[in-house]
Amino acid sequence: MTRGRKPLPTAQKKLRGNPGKRKLNDKEPVYARRAPDCPEYLTGLARKEWTRVVNLLAAAGVVVEIDRAALAAYCDAYQRWLEARQKVAKQGTVLTGPNGGLYQNPNLSVANKALEQMVKIASEFGMTPSSRSRIKVEKPANEEDALERFLFGERTLVVGDEAGDAHGADK
C-alpha cells in the first residue's frame, strides 16, 4: 500500500529550487555515476536489453552501480514479456480446452504481469515519457565538448602578454 507520492531525491529538489522550502536531506547517499556490469545470470534477450538500456542510461547520466539489481529485474521481466508475447502470437489469446471450453492463454497473464513490472521499474529510471519529464540531469554544452574533456581533461585558456599574444595552454 502506497501513501502519496514517493519523495524526490534531494538533488532533484535542489535543481527545482525547493519550492516548498522544506528541509533538505543533507545526509542522502550519493553514488558515483558508473554503469554497473551486467550480471552473469542474464542471458539471451535479457542481456541484449541490458546492453541497450545501460548504454542509454549511462549516456543520460542517470545510472549508478547500486542500480544493478533493479536494472537486472527490468531486463529479466523484459525477456519474460517477449517470450510470453511470442507464445501468445503463435497460440492466440484464447485457447480451447480438452472438453471444448475456451480459456485465456496463460501466457497472456505472464506477458501482462511482466509488462507491468517493466513499466514500474522503467519509470524509476526515467524510461517512460512521463517519468522522463520529471528527471533533470546536467548535460554538457555539446557532445564534442564532452569528448574533448574526456580525452584531454579540463582545458583553460591562458591570455598572453600585454602585446596581445594569446596562447591556449593545458592546465
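Helices (H or I, at least four residues) and strands (E, at least two) are DSSP runs, numbered from the N terminus. The model is a predicted one, in which local features need pLDDT of at least 70 and side-chain atom pairs count only at pLDDT 80 or more, while totals for chains, interfaces and linings use all residues. Residues are numbered from 1 along each chain as its sequence is written, and side-chain values use heavy atoms, with hydrogens and water left out.

A look along α4 shows how the helix is placed. Asn-107, Ala-111, Ala-114, Met-118, Ile-121 and Ala-122 of α4 are buried, where buried means under 20% relative accessible area, exposed over 50%, and partly exposed in between (1.4 Å probe, protein chains only). Viewed down the axis of α4, the buried residues fall within an arc of 100 degrees, so they line one face of the helix; the arc is that of the directions from the helix axis to the C-beta atoms. Glu-116 and Lys-120, both exposed, sit on the face of α4 turned away from its buried side. The cover over the buried residues of α4 includes α3 (68-91) and α5 (129-132).

After α4 comes Gly-126, whose phi is positive, near 75 degrees.

Ala-84 lies in helix α3 and counts as buried because its relative accessibility is 3%. Leaving aside residues up to four places away in sequence, Ala-84 touches Asn-107, Val-110 and Ala-111, a contact being heavy atoms within 4.5 Å.

Charged pairs come next. Side chains of opposite charge can pair when their charged atoms come close. The structure holds five salt bridges, each defined as a side-chain nitrogen of Lys or Arg within 4 Å of a carboxyl oxygen of Asp or Glu. In α4, Lys-113 and Glu-116 are three residues apart, about one turn of the helix, and their side chains meet in a salt bridge (3.6 Å, N to O). Lys-113 is partly exposed at 44% relative accessibility, whereas Glu-116 is exposed at 51%. In α3, Asp-76 and Arg-80 are four residues apart and so are separated by about one helical turn; the closest N and O atoms of their salt bridge are 2.9 Å apart. Asp-76 is partly exposed at 36%, as is Arg-80 at 31%. Another salt bridge joins Asp-37 to Arg-34, with 3.8 Å between the closest N and O atoms, and Arg-34, Asp-37 and Glu-65 are linked in a network of salt bridges.

For the protein as a whole, six helices and four strands are found, running α-α-α-β-β-α-α-α-β-β from the N terminus on. Buried residues make up 24% of the 171 residues.
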